[in-house]
Amino acid sequence: MIPMDKPVLFILKMPFEDLKIPSPNNNGWFCTHCAMIEGALAINPHWGNQVEIKRISHAKPRKEIIQYLGKENQWLPVLILNERESITDPIEITAYLAKNFGGASPHP
C-alpha cells in the first residue's frame with residue numbers, strides 16, 4: 001500500500017481506444033462515469049487542490065490502481081480515501097468531494 005497525503009481520484013484519459021471493441025467512427029470512446037467526474041471537476045476546479053487526480057490509460061492491467069487496491073479492483077472511476085475505503089460510484093464520488101471540500105453538489 002502506498003502512503004497517502006490526500007485522497008486519490010483515478011479517471012480514464014479520454015478519448016481512449018478499446019482493443020476489444022473498435023469505436024464506430026474511429027474517434028475512440030469516453031467513459032460516461034469518468035466524463036461525469038470531469039464535468040464536476042470543471043465546475044469545481046478547487047477540488048484539484050484537495051485531491052490527487054490521476055488520469056490513466058484504459059488498458060489493463062492498471063498498475064497505478066493495483067498498487068492501491070489490488071489486481072481485482074481496477075474499476076474506474078475510483079476515489080481512494082485511505083487504505084481501507086474507496087468510492088466507485090460517480091455520484092457518490094462527487095457528493096463526497098462537495099461535502100468535504102465545498103463547491104457544487106450533484107442534484108438529487
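Select Tyr96: with a relative accessibility of 25%, Tyr96 counts as partly exposed, a class lying between buried (under 20% relative accessible area) and exposed (over 50%), using a 1.4 Å probe and protein chains only. The model is predicted, so local features need pLDDT of at least 70 and side-chain atom pairs count only at pLDDT 80 or more, while totals for chains, interfaces and linings use all residues. Residues are numbered from 1 along each chain as its sequence is written, and side-chain values use heavy atoms, with hydrogens and water left out.

**Aromatic pairs**

Rings of Phe, Tyr and Trp (its six-membered ring) pair if their centres lie within 6.5 Å; planes under 30 degrees apart count as stacked, over 60 as edge-to-face and the rest as tilted. The count by this rule is two aromatic pairs. For one of them, select Phe10 and Tyr68, which are edge-to-face, 5.6 Å centre to centre with 65° between the planes. Phe10 belongs to strand S1 (residues 8-12) and Tyr68 to helix H3 (residues 63-69), so this pair ties together parts that are 58 residues apart in sequence. Helices (H or I, at least four residues) and strands (E, at least two) are DSSP runs, numbered from the N terminus. Both Phe10 and Tyr68 are buried.

Phe101, at 22% relative accessibility, counts as partly exposed.

**Thr94**

Next select Thr94, in helix H4 (residues 90-101). Is Thr94 buried or exposed? Its relative accessibility is 4%, so Thr94 counts as buried. A polar atom of the Thr94 side chain lies 3.0 Å from the backbone oxygen of Ile91. Leaving out residues up to four places away in sequence, Thr94 touches Met36, Ile37, Ala40, Trp47 and Pro106, where contact means heavy atoms within 4.5 Å.

**Helix H1**

Select residues 32-43, helix H1. Its twelve residues, at 1.5 Å a residue, should span 16 Å, and the end C-alpha atoms are 17 Å apart, which agrees; the expected span is 1.5 Å times one less than the number of residues. Which residues of H1 are buried? They are Cys34, Ile37, Ala40 and Leu41. These cover an arc of only 115° around the axis, which puts them on the same side of H1; the arc is that of the directions from the helix axis to the C-beta atoms. Thr32, Ala42 and Ile43, on the other side of H1, are exposed. To finish, show S1, helix H2 (47-50), strand S2 (52-56) and H4, against which the buried residues of H1 pack.

Note on methods:
A polar contact is a pair of N or O atoms within 3.5 Å; within protein, one must be able to donate a hydrogen and the other to accept it, and residues adjacent in sequence count only if both atoms are side-chain atoms.
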